[in-house]
Amino acid sequence: MKGRRRYYGSLISSVYGIYQRLARAPKGFRILMYHAVGSKVPGDIYGLYNISPELFKEQMRNVSGSALKEVTRLHEMTGQGLAITFDDGFRDNLEVAAPVLAELGLPFTVFVTPHFVLSGQLHYLSVAGLRELAAVPGASIGAHGYSHCRLTECDNGQLQEELVRSRQWLEDAIGRSVTTMSYPHGAVDQRVRKAAAAAGYSLAAGSRSGSNLSGYDPFCLARTAIWAQDDLRVFQSKLAGDWDWLKWR
Ligand SMILES: [Zn+2]
């Protein structure tokens, strides 16, 4: 069933890609969303969130060797560039992904949840690991809520706490200001969006598919999820925007 869904997804993407090229659709700024690179992710029943280190390396080499997209830091996003982001704060982001990215000279942002860091679970960054990651050339640290709850389900007090406490905790841990965040579970509405802006962030990423065209909302940035099964062909078609139809789902 999963294979069949994927087949139909690829088919729609091929048709949508042809339509986009014929219509000369604007490309916009694309933000890739990863989670773990080589670690099992709790609750990941479809095996989407843990990409193999080999495939990740292949994808990053492809991005690095491509003249089509310039990889920039997320908070410096402009025009038709590309940013690389990770959610949650997995330890493999430091041990596996960061060395690949640093070697290729690619900047990246890791959105970290303090509760995961403090959980002591080995697949998440420790405080020392978080500091080490923040010191990697090209690395930026952003917030991802304090406890990873759905912000849309918080009352106003909890919402404020999640947004402010996560930023302050991270700033204390890495000794650097934190101005970006991503919404846990991609859960955002107008109230959450306004609270994120009021809490001192300059931009916030969601999980809605697509690229960010001119006039984009800095507190509701679209991202392109890269899943564990995305081979190089699918990866390249996602970079080209062929899977952006998913935003309508
Ligand atoms: Zn998350």
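View 1. His144 has a relative accessible area of 1%, so it counts as buried (under 20% relative accessible area, with exposed meaning over 50% and partly exposed in between, using a 1.4 Å probe and protein chains only). His148 is buried too, at 15%. A word on what you are looking at: this is a predicted model, in which local features need pLDDT of at least 70, side-chain atom pairs count only at pLDDT 80 or more, and totals for chains, interfaces and linings use all residues. Residues are numbered from 1 along each chain as its sequence is written, and side-chain values use heavy atoms, leaving out hydrogens and water.

**View 2. Three residues hold the zinc ion.** Here Asp88 (OD), His144 (NE2) and His148 (NE2) coordinate the zinc ion at 2.0 to 2.2 Å. Donors are N, O and S atoms within 2.8 Å of the metal (3.2 Å for Na, K and Ca), and since water is not among the atoms, sites may look incomplete. Along the chain, the donors are spaced as D-x55-H-x3-H.

**View 3. Strand β1 is largely enclosed.** Five of the five residues of β1 (residues 30-34) are buried, so the rest of the structure largely encloses this strand (strands are DSSP runs of E, at least two residues, numbered from the N terminus). Arg30, Leu32 and Tyr34 point one way, while Ile31 and Met33 point the other.

**View 4. Strand β1 has parallel partners in β4 and β9.** Five bridges join β1 to β4 (residues 82-88), with Tyr34 opposite Phe86. Two bridges link β1 to β9 (residues 224-225), where Met33 partners Ala225. Strands pair if DSSP finds at least two bridges between them.

Key:
Helices (H or I, at least four residues) and strands (E, at least two) are DSSP runs, numbered from the N terminus.
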